[in-house]
Amino acid sequence: MLPPSVSVGMAENPAAAQISQRLDWVPDARLAALPTIAADGYRCCMRYFASGVNVITARDGEARAGLTATAVCSVTADPPRMVVFVNRNVLASDVVMRSGALCVNLLAADQEEVARVFAGMHKDVRGEDRFRYGTWGEAITGSPVLEGALASFDCRVIKVFEESTHRAFVCEVLATAERNDAESLIYLNGVFRSLPL
């Protein structure tokens, strides 16, 4: 007998059935009773994770939205899957929910200004105006794709998890593009940095 699991959307998308939550696993009761650290302490230590800088984009009809993110991770290569974490309170999260697609644009070092704009560091640049920075095309899903990105991953969303303040979008990659003549843009200890390939 197979272990109990949650499989949402099996009828609509058979591939989604391959990602399931184990319901037969139970956390250790002693550990579950321990308090967690404060959010500030957690954030302080997380600053030391060097992360690639991504602009996550999506389109719903004529509406385009995007944000700068570092919480992007490969799940499997076969099938090609990624997980992207987006705050539920930003516009892009709702656009991804409605469209069912997103593009992960991994930035090159010469695209730091794009990262700053989509991170909200230019307070006077909002919404559609953010797309004035960089040159944007359209991926096969319709999501905006940044020309000259170090790599781009055009994705369909196959499952959504909600955890605290964020949504986790589990995606399958439909198309990629890459550039091999630039340094990588990373974020470490609150600062954008470049890293040779």
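Which residue does the side chain of R167 meet in a salt bridge? The views below, taken from a predicted model, start with that pair. In this predicted model, local features need pLDDT of at least 70 and side-chain atom pairs count only at pLDDT 80 or more, while totals for chains, interfaces and linings use all residues. Residues are numbered from 1 along each chain as its sequence is written, and side-chain values use heavy atoms, with hydrogens and water left out.

View 1. The side chain of R167 meets that of E162 in a salt bridge at 2.9 Å, N to O, the term denoting a side-chain nitrogen of Lys or Arg within 4 Å of a carboxyl oxygen of Asp or Glu. R167, which lies in strand β12 (residues 166-178), is buried with a relative accessible area of 12%, whereas E162 is partly exposed at 44%; buried means under 20% relative accessible area, exposed over 50% and partly exposed in between, with a 1.4 Å probe and protein chains only. Strands are DSSP runs of E of at least two residues and helices are runs of H or I of at least four, numbered from the N terminus. R88, D94, E162 and R167 are linked in a network of salt bridges. The side chain of R167 also makes a polar contact of 2.8 Å with the side chain of S93, and another of 3.3 Å with that of D94. Such a contact is a pair of N or O atoms within 3.5 Å; within protein, one must be able to donate a hydrogen and the other to accept it, and residues adjacent in sequence count only if both atoms are side-chain atoms.

**View 2. The largest nonpolar core.** This core has 18 residues, of which I56, L102 and F169 touch the most other members; a nonpolar core is a set of buried Ala, Val, Leu, Ile, Met, Phe, Trp, Tyr and Cys residues joined through side-chain atoms within 4.5 Å. Among the elements that give two or more residues to this core are β4 (54-60), α3 (91-99) and β12. A second, separate core of 14 residues includes V114, F118, F131 and L146.

**View 3. The salt bridge between R59 and E138.** The two side chains meet at 3.7 Å, N to O. R59 lies in strand β4 and E138 in strand β9 (residues 136-138), so the pair ties together parts that are 79 residues apart in sequence. R59 counts as partly exposed at 22% relative accessibility, and E138 as exposed at 56%.
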